[in-house]
Amino acid sequence: MARAGYPWRVVGENLASGVSSADEVVASWLGNPHHCANLMGAEYTHMGIDFAVNLDAPGGVYWTQLFGASGS
């Protein structure tokens, strides 16, 4: 986030692999106490999400969700 120029004060992330749809990955994150805490965290004011597909890799589909609040 810092390399992208985001002036962060607090950050968090959720990661997943092997899940093929957005609905499934969100349901998985909601079912995990640590991931759910990030999703519901009142300290975060921004969120970004992305995924990458590599069918030759064990996970196949990789998800990243970043949370943040800027320091400025």
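Two strands are taken to pair if DSSP finds at least two bridges between them. In this predicted model, strand 2 (residues 46-54) and strand 3 (residues 60-70) meet that criterion, with 9 bridges in the antiparallel sense.

## Overall architecture

The protein chain contains 2 helices and 3 strands. Read from the N terminus, the order of these elements is β-α-α-β-β. The C-alpha trace spans about 40 × 25 × 15 Å along its principal axes.

Of the 72 residues in the protein chain, 26% count as buried. Contacts between residues at least 6 apart in sequence were also examined: 61% of them join residues at least 24 apart.

## Surface and nonpolar patch

The protein chain has an accessible surface of about 4800 Å², and carbon and sulfur atoms account for 58% of that area. A nonpolar patch on the surface is formed by Met-1, Trp-8, Val-11 and Leu-66, which together have about 330 Å² of accessible area.

Trp-8, one of the patch residues, lies in strand 1 (residues 8-17). Its relative accessible area is 44%, so Trp-8 is classed as partly exposed, because that class lies between the limits of 20% for buried and 50% for exposed residues.

Key
Residues are numbered from 1 along each chain as its sequence is written. This is a predicted model: local features need pLDDT of at least 70, side-chain atom pairs count only at pLDDT 80 or more; totals for chains, interfaces and linings use all residues. Side-chain values use heavy atoms; hydrogens and water are left out. Patches are made of residues with over 30% relative accessible area and no salt bridge: like charges are joined within 9 Å, nonpolar side chains (Val, Leu, Ile, Met, Phe, Trp, Tyr) within 5 Å. Accessible areas come from the Shrake-Rupley method with a 1.4 Å probe; for residues, only the protein chains shown count as cover. A salt bridge is a side-chain nitrogen of Lys or Arg within 4 Å of a carboxyl oxygen of Asp or Glu. Helices (H or I, at least four residues) and strands (E, at least two) are DSSP runs, numbered from the N terminus. Buried means under 20% relative accessible area, exposed over 50%, partly exposed in between (1.4 Å probe, protein chains only). Contact means heavy atoms within 4.5 Å.
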